[in-house]
Amino acid sequence: MEIAVKNEKLKNWVKEVEQMCTPDKVYWCDGSKKEYNELMSQMEKSGMAIKLKKRRNSFLFRSDPSDVARVENRTYISTRSQIEAGPTNNWVAPDELKTTMKSLYKGCMKGRTMYVIPFSMGPIQSPIAKIGIEITDSPYVVCNMHIMTRVGKKVIRKLGKKGEFIPCLHSIGAPLAEGQQDVSWPCAPIEKKYISHFPAENLIWSYGSGYGGNALLGKKCLALRIASAMAKREGWMAEHMLILRLTSPAGKQFHIAAAFPSACGKTNLAMLQPTIEGWKCECVGDDISWMKIGPDGRLYAINPEAGFFGVAPGTSYDSNPMAMDTIKKNVIFTNCALTDKGDIWWEGMDGKPPKHAIDWKGRDWPTENKEVAAHANARFTAPASQCPVICPDWEKPEGVPIDIFVFGGRRAGVVPLVNEAYSFDHGVFLGATASSETTAANIGAVGNLRRDPFAMQPFCGYNMGDYFQHWLDMGDKLQDKAPRIFYVNWFRKTPDGRWLWPGFGENSRVLKWMCERIEDKAQAVKTPIGLLPTDDGLDMKGLNIEAQDIKALLNVDIEAWRAEIPDIEKHFAQFGDLCSH
Ligand code: OXD
Ligand code: MN
């Protein structure tokens, strides 16, 4: 990179890492298209990337079968005391973890190039944005970071001489000996993988994995784990939430931030196409929301990311047409299947499955054992700007004012379609007890109930009990300007297993009710769990759904709720007196 780096702290850190990791070369990324194209063609030549004939400027990668997802059991929150990390995080003391990892980092980039990626989480001019510097030995990571964050010279300029940055060190952990032939997806074995966070120093060290959140350190590591700890210290919020704008027929805008555990259709909701007349929905972000109180006392949100790292299987013109249109060009696909025509394919895509394809492991498909063609966690990395319904204000430096928080999960029974919290604190209780049934995309038996408070269980960079307190404190600061809080369940079934609610675009009917509640236009029924729509409260025009199904969707079964209490008590008991304050 031609631009002179004036930040001594940054230069020293890069030098230190170079001495420890001993790469063959150091390369400073400028974030240009030329840089992206050169790295892609290098990876194409080495066999790591496959250029797709059918999608402009798009590439397919296949990871090592051992390196396909975030590794929660190798993820550490390394605070001084274990109590600061809390019962939901893996913990090792900082000195011990650093000693272990330094011995792994020693010489780990031999035979490779060390890339220095200056990146901004959030629009560069935003007062809510933060600068990170990722050092990595993976060109795949560099290209993904180009899409997912804002990379390059402009970040170095913003950093200046004295600016603060979050150091993010990443290595795939696969040094090359003299003359050693590289493999197409180098990485370290599982027991050598470490995804470590040192919140007291705002420091991230990742080793051994080249995949997703383990390696694209701006996302889960910085924007959630480190940022949540910073947010607690500094009085703002870093949440695992999509952000969307809903505009009523009268032109009034409502901004919604919503948290759901994985496999609950978060990206689909972020790009929702309303089925109710006159309502418009635009996407600000699909995964993470950083929120600060603005000069008018309201809570303003930005999407710290610049791209979508979406789960591919199940994405189709039926489930998410806007995502399908987003991924027509300039996309990185990982672990999808390759068709004979030179396009990608995955389970759940529109139309008939191809007769023949190459599966995510590079084998002819269908295989004898009838395995899936695309890995269940196969991904697309696509620029947010390509989304046809991206909100025109998605990069507004000051963010958008949040009116509504939504929590939810996947529950076949008990939890109604929607209910509203009586107060902000009650809403915090709803977020803290959020639960979801596991699907094939989660670990554990299908249908198990898991509590995933605020969908932050894998992403909270400190004691979850203290995190609950932080939410209560934010409510106190926001007072009557606090967003109203709702809980939804799109996944209710009849006892014989039939879906009660069509979901997808029809979810706009539920969002409309929330907006009407804010405007004091909709009545609600008081129940022991919260405020529910009246029988005729939801706009059902044009939707063919039986009155008895609506009744079932809005039913509060007191006995079934009573039966939830022991599990809720057990859930809270794990935090109990363990909080660090
Ligand atoms: C994600 C996740 O990849 O939450 O966004 O796991
Ligand atoms: Mn996520």
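Two residues are said to be in contact when heavy atoms of the two lie within 4.5 Å. The structure examined here is a predicted model, in which local features need pLDDT of at least 70 and side-chain atom pairs count only at pLDDT 80 or more, whereas totals for chains, interfaces and linings use all residues. Residues are numbered from 1 along each chain as its sequence is written, chains are lettered from A and ligands numbered from 1 in the order in which they are written, and side-chain values use heavy atoms, with hydrogens and water left out.

In this sense of contact, Gln386 touches Asp325, Thr326, Lys329 and Asn330, when residues up to four places away in sequence are not counted. A polar atom of the Gln386 side chain also lies 2.8 Å from the backbone oxygen of Lys329, which falls under the definition of a polar contact (a pair of N or O atoms within 3.5 Å; within protein, one must be able to donate a hydrogen and the other to accept it, and residues adjacent in sequence count only if both atoms are side-chain atoms). Gln386 is located in the loop between strand E23 (379-383) and strand E24 (400-401), where helices (H or I, at least four residues) and strands (E, at least two) are DSSP runs numbered from the N terminus. With a relative accessibility of 18%, Gln386 counts as buried, a word that here means under 20% relative accessible area, while exposed means over 50% and partly exposed in between (1.4 Å probe, protein chains only).

Lys220, in helix H8 (residues 218-234), and His240, in the loop between strand E11 (237-239) and strand E12 (242-247), form a pair that links distant parts of the chain, 20 residues apart. Lys220 is buried, at 7% relative accessibility, and His240 is likewise buried, with a relative accessible area of 7%.

Around ligand 1 stand Arg70, Lys220, His240, Asp287, Arg379 and Phe459, a residue being near a molecule if one of its heavy atoms lies within 4 Å of it. Oxygen atoms of ligand 1 lie 2.7 Å from an N or O atom in the side chain of Arg70, 3.2 Å from one in the side chain of His240 and 3.3 Å from a polar side-chain atom of Asp287. Taken alone, ligand 1 exposes 210 Å², of which the protein buries 85%.

Met456 is placed in the loop between strand E28 (449-451) and helix H12 (464-478), and at 0% relative accessibility this residue is buried.

Most residues other than glycine have a negative phi, and most peptide bonds are trans. Against this background, Trp365 and Pro366 are joined by a cis peptide bond with omega about 5 degrees. Val414, which is not a glycine, has a positive phi of about 65 degrees and is buried at 18% relative accessibility. Gln479 also has a positive phi, near 45 degrees, but is exposed, with a relative accessible area of 60%.

Methods: Accessible areas come from the Shrake-Rupley method with a 1.4 Å probe; for residues, only the protein chains shown count as cover.
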